[in-house]
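Reader: Could you walk me through a single chain up close, from its overall build to its place beside a neighbour? Please spell out your cut-offs as you go.

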Amino acid sequence: METIIQGVLLGGLYGLFALGLSLMFGVMRLTNTAHGDFIILGSFSTLTLVGLGLSPWLAMLVTLPLAWLLGYALQRYVLNGTLGKDPLPSLVVTFGMSIVVQNLLLELFSADPRSIDTGGFSTQGIAFSPELSVGVLPVVILALALTVTAGLQWMFKSTALGRTFRAVSDDREIAELMGLNARKVYALATALAFVLVGMAGSLQGVRTTVSPADGPALLLFAFEAVIMGGMGSFWGTLAGAMLLGLTQQVGFRLDPGWGIWGGHLMFLFVLVLRPQGLFPKTRG
Amino acid sequence: MHTTPSSYTVVRGTRGSMALLAFAVLLVAFAASLPFWGESSWMREFVEIACYFIFAMMWNLMAGYGGMVSIGQQAFFGLGGYVMLSLGNFWGVNPFVAIVLGALVAGLISIPVSWVAFRLQGGYFAIGTWVIAEVARLSIANVSAVGGGSGTTLTALRGIEKATRESVTYWMALACVVASITLVYGFLRSKQGLALLAIRDNEVAARSQGIAVGRMKLAVYAVAAFGAGLAGALYFVGNLRISPDAAFSVNWSAFAIFMVVIGGIGRIEGPLVGALVFWAMNKFFSDYGTWYLIGLGLLAIVMTIYFKQGLWGFVQQRWGWTLFPTARRLHLK
Amino acid sequence: MAAVLQTQQLKAFYGDAQAIFGIDFELHAGELVAIIGANGAGKSTFLKCLTGLVKADGPSITWKGQAIGGMAPGHIVRQGLAMVPEGRRLFPSLSVEENLLMGACAQRKGPWSLQRLYQMFPILQEKRHAPGTSLSGGQQQMVALGRALMSNPEVLLCDELSLGLAPIVIREIYNAMPAITAEGMTVVIVEQDVSMARRVSQRLYCFQEGLVSLQGSSGDLTREQISQAYFGV
């Protein structure tokens, strides 16, 4: 029972990892292989701000607009040039970014794992019963994940911005005919995705230790969540994240070396049996 | 405006390419004599470059000609290495023979793997192959017979004298390089190669022409896996020590990408140029550690955006040089 | 009367292939001009050049005297030039009403609004929340037309309104034309249906292999002249 709860809570965190990836792919078919590294960059950004004297929560809040700016600039001035039918340019460029970010962090912070000190908050628990106690932080993360997912879903469906994202993703040429500047729309989407990334990174840093080389593993988790959940749906991505979290926790329970491996196997399993994912939305 | 030419010929080789090819043959003969007069460190370096080059050329075949971009080829690289090691250590197979066997196993395993990998497309296919490589890494790390997570050594070559071992490894590497180039070149000049180009340009149109797209892609995937396995097995014969982290590291794919981006994608000569440039950069700059890697990353980004055709592509466009011509050109008279 | 839209020796390329070799074209306010021609004559390419979807040389297209060739489509639609694209091209992820609202992104003032469009095409109001692509061909064409009108253009370009539609549906759509032109909207239609084109337009151009092969008043041109120009015999 506790494993299941831990799995769901872990799924919440993975959901936050995955939503940004899902957003970027949904709007512009861009696969960001540096996604995980930017999450870690977010962690270190918050770490640095805490080091400068801010409280952890304020540091997290300051990281968000910084992430927005970085995402907007990267998309506008670098990634927009890589979009198109060929997946190679965006893959190589984001791969290059991954190397740059990882090594830059390594230079600035060394390979030592660090954590964001929240003065004991990260270990606080709520006791539901004598045997069952659940950490406050994971619950907060889950709540955030649910809120963000609902927010994204609402934004896409019911706001003008969401309509813009959907239109540009459907048919860039005709969207431009309507008066939209696709390059700016893409930049907005990435900016938003990076805010999520910054949030996820900060929370990861609070929850556990982070080090510069952690990025790729997080990318794979985010990716697995998106694929298992089904493309085109934010709730699907969250569901995929839950499945991954659950599988990993069950795996960890059976043997410490099997957690991540089990997650990968589950991913491959779902890919073979139901390649469109659990809750796909068919796009035109 | 329109004039009808009285006749035409279709030409493939150029006088320049013939000359370069003859030169290449002489170069190979010269290289084969290296163990008799050269230093052993040179031979070791060559083996390493050979592995980089073969891996990059196979990656290039998949991506540039097959339209499949993968960052998980290290799965077959490592598999080739581990199969070679197992055959050598446990069944007493001559490691040099085991190299080829390792490559064959890698090629065969790629077929069931493709049933999973081909479920995905584009950027997601790339990451999917990475996941598969991670599964391979974690699985092998759990097998204690080959040393689990910390790896093991190749014992089968223990009895052989060092100089002999190094020479034979070197010749093996040279043979592998020549064989892979011949294999890829022959493939691309054939009807299958033309079909590949058609698929890369427009998959739907190719299918409508009767080209079995699925089978072609599988063929390319399997050949690339064979090549990756070959490179891996060769690498660990040279290295003598294997571990899951070294064998299945995503850095292999990163290196392949850099070599191909710098050298030029979609061409045979590109990975060759790229491998040499990469080796040279490694020689001069790897002491700078992280800054070198940052520079590599930035270089790849800049070249992809501003210099898409790579170094050899630039040369080919500017001066029309082709060392391994595969395109047919129309000469109007 | 000065031309509101004019092209001079317009040339257009798709990569290395030239599609338009030098077209002179003039449009005056309030007119309905038709462009006819066989497939591949360059009609759609021409419209795409006007709206900025295909790159053209700066001065070769002028809008009220200003060179607009090669400008971004967004900029051109804000000037007041809108297009109903060939094949409808509705946004599949958007509902009928959302597709129409996309047309208003250019934020131009004018008489056209959702209400007015629903009055003109009541079926669209009925199906406003349905996905755009679930409608029949004719209804989709109404949505595409409405979407272009939502930007309150001064000049409306219609690329093959009748493509793939049954004759009775085509007539229904063209019956809406008077309501569109009544307030002075200038319209250019590219049409496969030559008799429809002659009937609704005041002037007509015939394109053939990227050049103008015939132009004149729709009433005056004879069938022989038109078929000669159409087929290039």
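Author: Let's start with a definition: the radius of gyration is taken over C-alpha atoms, and the globule rule is 2.2 Å times the number of residues to the power 0.38. By that rule, a compact globule of 233 residues would have a radius of gyration near 17 Å, and chain C agrees, with 17 Å. Bear in mind that this is a predicted model, in which local features need pLDDT of at least 70 and side-chain atom pairs count only at pLDDT 80 or more, while totals for chains, interfaces and linings use all residues. Residues are numbered from 1 along each chain as its sequence is written, and chains are lettered from A and ligands numbered from 1 in the order in which they are written.

Along its principal axes, the C-alpha trace of chain C spans about 50 × 35 × 35 Å. Chain C holds 10 helices and 10 strands (DSSP runs numbered from the N terminus: H or I of at least four residues for helices, E of at least two for strands). Of its 233 residues, 45% are buried, meaning that 20 or more other C-beta atoms, placed from the backbone, lie within 10 Å of a residue's own.

Now for contacts, where two residues' C-beta atoms, placed from the backbone, lie within 7 Å. In chain C, 66% of those with a separation of 6 or more join residues 24 or more positions apart. As for the neighbour, 21 residues of chain C are in contact with 15 residues of chain A. On the chain A side, helix 6 (160–170) and helix 7 (172–177) are the elements giving two or more residues.

Note on methods:
Buried ≥ 20, exposed ≤ 12 C-beta atoms within 10 Å, placed from the backbone.
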